[in-house]
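Student: I would like to learn how to read a structure feature by feature, taking the general idea before the particular case. Could we work through one together?

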Amino acid sequence: MPAKRTENPPPIPPPGTPPPPGERSLADLVVDVSENASVLVREEIELAKAEVSAKVSKLGRGAAVGVAAGTFAFLALILILHGIAWLLGEELFDGNIWAGYFVTAGIFLLLAALAGLIAYRAVKAGSPPVPEQAIEEAKLTKEMLEKETS
């Protein structure tokens, strides 16, 4: 049985140097502009995606760590404040334990307000997840294109 010979297709010739802009047809120029515009739009979209995903991941990590820290702190504070309430009740209020509990409840509310303020600032710093760099880059590109067409 004779072996089959497969022939490779002829190589594609390398593109030559493009003609100078004055000799190019309007169709070629339109094709170039549309290709460059689509590449630019795709790159802007990718930048926006990357920027938003980075901000969202920071918000998610911050929220998860905040929940874990808050849970452990809450459990510890329950035990600490219970002990403080008993101590205050015995030492300062002549055995009236209820007064010690009111004092520790006030301390607990102050700590909750402080934690809420810190959480508010952290969420405000990371939101809204707007792609600021991509928007700024798009504005600069628009200005550049407007200047070139003028």
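Tutor: Let us begin with a term that we shall need throughout: a residue is called buried under 20% relative accessible area, exposed over 50%, and partly exposed in between. Please keep in mind that the model before us is predicted. With those cut-offs, Trp98 counts as exposed, because its relative accessible area is 56%.

Student: What share of the chain is made up of buried residues?

Tutor: Of the 150 residues in the chain, buried residues make up 10%.

Student: And how many helices and strands does the chain have?

Tutor: There are three helices and zero strands, and the pattern, when read along the sequence, is α-α-α.

Student: Coming back to Trp98, how should I read an aromatic pair, and which rings are involved here?

Tutor: The general idea is to look at the distance between ring centres and then at the angle between the planes, where over 60 degrees counts as edge-to-face. This structure holds one aromatic pair. The ring centres of Trp98 and Phe102 lie 6.1 Å apart and their planes stand at 80 degrees, so the pair is edge-to-face. Trp98 and Phe102 are separated by about one helical turn, because they are four residues apart in helix H2. Phe102 is exposed, with a relative accessible area of 60%.

Student: How do I read a salt bridge, and which residues form one here?

Tutor: Side chains of opposite charge can pair when their charged atoms come close. The structure holds one salt bridge, formed by Lys49 with Glu46, whose closest N and O atoms are 3.8 Å apart; the cut-off for such a contact is 4 Å. Lys49 and Glu46 are three residues apart in helix H1, so about one helical turn separates them.

Student: Are Lys49 and Glu46 exposed or partly exposed?

Tutor: Lys49 is exposed, because its relative accessible area is 51%, whereas Glu46 is partly exposed at 46%.

Student: Which residues form the nonpolar patch on the surface?

Tutor: To be counted in a patch, a residue needs over 30% relative accessible area. The patch here consists of Val103, Ile107, Leu111, Leu114, Leu117, Ile118 and Tyr120, which together have about 610 Å² of accessible area. Taking one of them as an example, Ile107 lies in helix H2, which spans residues 97-126, and Ile107 is partly exposed, with a relative accessible area of 36%.

Student: How should I approach the largest pocket, and which residues are the closest to its centre?

Tutor: I would take the volume and then the lining. About 460 Å³ of space lies in the largest pocket. The lining has 17 residues, of which Gly66, Gly70, Ala115, Ile118 and Ala119 are the closest to the centre. Helix H1 (26-91) and H2 are the elements that give two or more residues to this lining, and H1 gives the most, with nine residues.

Definitions and conventions:
Residues numbered from 1 in each chain as written. Predicted model: local features only at pLDDT ≥ 70, side-chain atom pairs only at ≥ 80, totals over all residues. Heavy atoms only, no water. Patch = residues over 30% accessible without salt bridge, like charges linked within 9 Å, V, L, I, M, F, W, Y side chains within 5 Å. Areas by Shrake-Rupley, 256 points an atom, 1.4 Å probe, with all protein chains shown as cover. Salt bridge = Lys/Arg side-chain N within 4 Å of Asp/Glu carboxyl O. Buried < 20%, exposed > 50% of the residue type's maximum accessible area, 1.4 Å probe, protein only. Phe/Tyr/Trp six-rings, centres within 6.5 Å; stacked < 30°, edge-to-face > 60°. 1 Å grid on protein atoms, 1.4 Å probe; cavity = no way out; pocket = protein on both sides within 12 Å on 5 of 7 lines; lining within 4 Å. Points joined across faces, edges and corners; volume = space filled by probe spheres on them.
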